[in-house]
Amino acid sequence: MNKTTLIILAVICIIIFIAPLIMFNGHGEDDGYFGGADDAAGEAIEESGFEPWFSSIWEPPSGEIESLVFALQAAIGAIIIGYFFGYWRGQSGKDE
Amino acid sequence: MHIMEGYLPLQWCIIWFVISIIVVAYGIYQVKKIVDETPESKALIAVSGAFMFVLSSLKLPSVTGSCSHPCGNGLGAALFGPAVTAVLATIVLLFQAILLAHGGLTTLGANIFSMGIVGPLIGWIVYKALTKGNISSTIAIFFAAFLGDLLTYVATSFQLALAFPSPSFGSALTKFLVIFAVTQVPLAIGEGILTVIIWDRLKAYKPKLLAKLNVLAPNEA
């Protein structure tokens, strides 16, 4: 694919993920927007009267720590991808 | 798609664990085999795992107004098949279960089953079918990633509906599909596009390795 196609694809991708932010602009977690689907499923299960029988052995003590670990997760992945793609690109010896 | 810690009745935890352990064990054997046969694919396995690491850490907003995350399992599935992807998914899910209280150790088997087995299996079948039909691997990888992601969430919905069929299996399934699968559609499209971009670069940089792994359409190799 040429560069233009790649850029168009990237832009479509960005639009897909920005659209909800614009559509529901002004709403927040308090009125039920942008919550996690996993938690929504958990609530639906609790409604059926089920009591969770085991809880996590460790939980991030605050939202800050949670975002730290999430950022770490993304960074680890991104470093590996970036390292090998950079290496391969250099190896292939040409820039398209 | 993470079923939270303790949110599955014990018998279901055991069932999904048993199925997942078998597939993951076979996957570990396959990883060994692939690395022995084509040592240069080691980096590609790492990249497939890293891709899952990145994508499953991104909680993205969806048009339904809730947030969910893509899986990144289509890339590994297309390259190495579902069993190897199950191994990679296990690493991601363990990281999230232990450090993020996302998913859980009791529900690990169930989560591996959806993200590491069902999604990749469907993605892999679709990918193989399309490329065998001489459809460009770049297009095939879109559908592999799109369906791998979406079917992961459909699988989770089925798992929860099986465990909590109240008032009936059908209505429970609808309830969980609305929570998970509908939210996931735009994210799965986004994941498909991202995977296409990665795939395009892979094809440009490592065409010989992809041909060796026999993952390109016959007219591309």
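In which loop of chain B is the place of Asn134(B)? Asn134(B) sits in the loop between H5 and H6 of chain B, where helices (H or I, at least four residues) and strands (E, at least two) are DSSP runs numbered from the N terminus. The model described here is predicted, so local features need a pLDDT of at least 70, side-chain atom pairs count only at pLDDT 80 or more, and totals for chains, interfaces and linings use all residues. Residues are numbered from 1 along each chain as its sequence is written, while chains are lettered from A and ligands numbered from 1 in the order in which they are written.

A word on confidence comes first. The predictor assigns the complex an ipTM of 0.93 and a pTM of 0.94. For chain B, the average pLDDT (the predictor's confidence in each residue, from 0 to 100) is 96, and 100% of the residues score at least 70.

Chain B contains eight helices and two strands, and along the sequence these follow the pattern α-α-β-β-α-α-α-α-α-α. Its C-alpha atoms fill a box of roughly 55 × 35 × 30 Å along the principal axes. The radius of gyration, taken over C-alpha atoms, can be set against a globule rule of 2.2 Å times the number of residues to the power 0.38. For 221 residues a compact globule would come near 17 Å, and chain B agrees, with 17 Å. Buried residues make up 60% of chain B; a residue is buried if 20 or more other C-beta atoms lie within 10 Å of its own, exposed if 12 or fewer, and partly exposed in between, with C-beta atoms placed from the backbone. Two residues are in contact if their C-beta atoms, placed from the backbone, lie within 7 Å. Among the contacts in chain B with a separation of 6 or more, 74% link residues 24 or more positions apart.

Along the principal axes, the C-alpha trace of chain A spans about 60 × 35 × 25 Å. A compact globule of 96 residues would have a radius of gyration near 12 Å, but chain A has 20 Å. Of the 96 residues of chain A, 10% count as buried.

Leaving aside neighbours within four places in sequence, Tyr127(B) is in contact with Ala77(B), Ala78(B), Ala140(B), Ile141(B) and Ala144(B).

Helix H6 of chain B (residues 137-163) has 27 residues and reaches 38 Å from its first C-alpha to its last. This is close to the 39 Å expected at 1.5 Å a residue, a span calculated as 1.5 Å times one less than the number of residues. H6(B) is also mostly covered, with 23 of its 27 residues buried.

Where the chains meet, 50 residues of chain A are in contact with 51 residues of chain B. On the chain A side, H1 (3-23), H2 and H3 (63-92) each supply at least two residues, and H3(A) gives the most, with 15 residues. This side divides into 36 nonpolar, nine polar and five charged residues. Here Ala, Val, Leu, Ile, Met, Phe, Trp, Tyr, Cys and Pro count as nonpolar, Asp, Glu, Lys and Arg as charged, and the others, Gly among them, as polar.

Some backbone details in the loops of chain B deserve a look. Most residues other than glycine have a negative phi, and most peptide bonds are trans. Asn134(B), although not a glycine, has a positive phi of about 65 degrees, and with 10 C-beta neighbours inside 10 Å it counts as exposed. Ala101(B), in the loop between H4 and H5, has a positive phi of about 55 degrees and is not a glycine either. Ala101(B) is partly exposed, with 19 other C-beta atoms within 10 Å.
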